[in-house]
Structures are given as C-alpha cells and as structure tokens.
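Here is a short briefing to read alongside the structure. Keep the viewer open and follow the topics one at a time.

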Amino acid sequence: MAVLLGISGAAGTYATVFAGEETEALTMEAETDLTDETGSESAEPVEMELALEDGSVVVTNTTGESLSDLTLQTEAVDGEEEDSSDAEDTAALLIFSGEDGTEHSISIADPTSLSELTDLELTAKIGFYFLSGENSSGEESWFYETADEITLDAPVTMYTLGTVNIRESADGSSEAVGYADRGSELQVLGGTSIWFLVSADDTTGYVAARYLTTDEAEAQAAVDANDNAAAAAAAAAAAAAAGSSGAGSSGTQTTTDDACLTGGVLY
C-alpha cells in the first residue's frame, strides 16, 4: 500500500510518497541524460526534455552536476494496478542517477501537474535534490527527494530567502521556537529534504529547506526586493490617505499592516 501525503497552499506545494511492497509501479517511457552535448560534466545550467504520457516538459538542471538516467515512474496509490492517466489514483517518482552512480528519487504527488508548470528546475542543497516550477498564477510548487534525515560532518552556512519560523521538529505543525528575518545567516547542521536543522544564536530547530540558500547575494536580492515593495506600498498608502484627506474625509488615515509589507513569516 502506498500513502500519499501532500500539502498545498499559496506558498507552494509539498508532497511526499511512501510506497509499500504491494505498490504497482508503471514505468513511463522517459529517459534523459543530464549532461551537455559533449557528454562531459557541465557547471552551467543544462536544459533537457522529459517525456510525459501526453507531451513533454523542459527541465533545467542547475545543480552543476552531471546526472543521468532521468525516468518518471508512476505508482498506484492504493496498491492496485490503476490507469496511470487517472491523476487522483497515481503518484510518481522522478528517478535519476548521481555522478557517483547513486540512485535518487523525487516524489511527484500528481505527475500530470508537471505539464502545467513552467520554469521547471532541478536543484541541489546539502546533498538533497529538488524539483520546482511555477503555475499560471506565478505560485511555486516544490517537489522533494525521498531520503532519510542526515547529519552533516560540518555545518554549512546558508541564508534565508524570507522571514521564516524555526520549528521544534521537522513538521509544519510543530511549535515555533524562534524565527529568522529575511537575509539572516544560519548554520545548517543536517535535516531532511523538506526541513533543514539549523542553529541561530542560541536557537536550534528546523526551517523549511526551500527558503534557504548558500548564495548570500541571492538572499540580499530578496531583502532588497522586499524593501522596495514595502516602500512602494507605504508610498501608495500615504498617497491614498492624502487624497482622502483632501477630499474632505474625516481625516482617518489608511495604514498598511507591517506583516503585509514584509511578507510575514513564510513557513
């Protein structure tokens, strides 16, 4: 029996597939070598075409690694053979081989959703692999590697892309023991593919992996973009208040919630 766990929201999509021995696997014809045209490893982003049951999608490998044998394998959720075209009854695993030949898999809750996403990217952080893309509304969907929790030999410095909760355990419903502002520097100690175990000052806990990056410049760009958006929102609110006052209103000012300006805590 296979159990499908999925969490969807405006901030994105989180999905993990746990498959038991009775799961029926239906392999779709889709294999792509994630190398450049010469067959050598390339640190530059590499575009590849992934065949689906109905059409294909382009996935960009941004890991800087030479990956191979990319295959989309569907699984019947109830453990019985199903029509793989039925999105409600199937999940999928995106399977590929790393440079050392180790097999990796990323869970896809709904394989048909891949054809509806744009800017699909395959990325890597502290040894875990991720697939992400945007829907028609500009919202991001993230898909995570099926892998056990790890402990790093040495901490890795990462930066937050948004204001995030630091949670007691690797679970979005667990208690928040602290938070980190956008652009904060954290020490990553390990974790799961979805939740990284971090240390910040005297606080240790888990942060959603998708909001962490090793690129300090990327984090600073997120800070600058948020500051610019906050300034624009504040200016618009002030202009609206001034216009209302000039029109003979009661003089009550319209204020913008600070959490709205800063984007609030993401996860």
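## A strand pair to start with

Ala 92 stands opposite Ile 108, a residue of β9. Keep in mind that this is a predicted model.

**Strand β8 and its partner**

- Six bridges join β8 to strand β9, which spans residues 103-108, and the two strands run antiparallel.
- Together β8 and β9 form a hairpin with five residues between them. In the turn, Gly 101 has a positive phi of about 90 degrees.
- How many residues of β8 are buried? Eight of its eight residues are, so to speak, under cover: the strand is mostly covered.
- In a regular strand, side chains alternate between the two faces of the sheet.
- In β8, Thr 90, Ala 92, Leu 94 and Phe 96 point one way, while Ala 91, Leu 93, Ile 95 and Ser 97 point the other way. Residues on both sides are buried.

**Aromatic pairs**

- The structure holds five aromatic pairs.
- One of them joins Phe 96 and Tyr 129 edge-to-face, at 5.2 Å centre to centre and with 85 degrees between the planes.
- Because Phe 96 lies in strand β8 (residues 90-97) and Tyr 129 in strand β11, this pair ties together parts that are 33 residues apart in sequence. Phe 96 and Tyr 129 are both buried.
- Phe 130 and Tyr 144 also form an edge-to-face pair, with 5.8 Å centre to centre and 85 degrees between the planes.
- Phe 130 belongs to strand β11 and Tyr 144 to strand β12, so their pair ties together parts that are 14 residues apart in sequence.
- Phe 130 is buried, with a relative accessible area of 0%, and Tyr 144 counts as buried at 1% relative accessibility.
- Ring pairs link Phe 130, Tyr 144 and Trp 142 into a cluster.
- The ring of Phe 130 has another neighbour: the charged end of Lys 125 sits over it, 5.7 Å from the ring centre.

**The largest pocket**

- The largest pocket has a volume of about 620 Å³.
- Its lining comprises 24 residues, and the closest to the pocket centre are Glu 140, Trp 142, Leu 161, Arg 210 and Glu 218.
- Which strands each supply at least two residues of the lining? They are β10 (118-125), β11 (128-134), β12 (140-144) and β19 (212-213).
- β10 gives the most to this lining, with six residues.
- By class, the lining has eight nonpolar, eight polar and eight charged residues.

**Loop and backbone details**

- Ile 194 lies in the loop between β16 (185-191) and β17 (195-200). Is Ile 194 buried or exposed? Its relative accessible area is 19%, and buried means under 20%, so Ile 194 is buried.
- Ile 194 and Val 207 are 13 residues apart in sequence and 8.5 Å apart in space, C-alpha to C-alpha.
- Asp 69, found in strand β7 (residues 67-76), has a phi near 60 degrees, a positive value in a residue other than glycine. At 43% relative accessibility, Asp 69 counts as partly exposed.
- Asp 201 also has a positive phi, near 55 degrees, in a residue other than glycine. Asp 201 is placed in the loop between β17 and β18 (203-208), and at 79% relative accessibility it counts as exposed.

Key: Residues numbered from 1 in each chain as written. Predicted model: local features only at pLDDT ≥ 70, side-chain atom pairs only at ≥ 80, totals over all residues. Heavy atoms only, no water. 1 Å grid on protein atoms, 1.4 Å probe; cavity = no way out; pocket = protein on both sides within 12 Å on 5 of 7 lines; lining within 4 Å. Points joined across faces, edges and corners; volume = space filled by probe spheres on them. Helix = DSSP H or I, 4+ residues; strand = E, 2+ residues; numbered from the N terminus. Nonpolar A, V, L, I, M, F, W, Y, C, P; charged D, E, K, R; others polar. Phe/Tyr/Trp six-rings, centres within 6.5 Å; stacked < 30°, edge-to-face > 60°. Buried < 20%, exposed > 50% of the residue type's maximum accessible area, 1.4 Å probe, protein only. Lys NZ or Arg CZ within 6 Å of the ring centre and 35° of its normal. Pairing = 2+ DSSP bridges.
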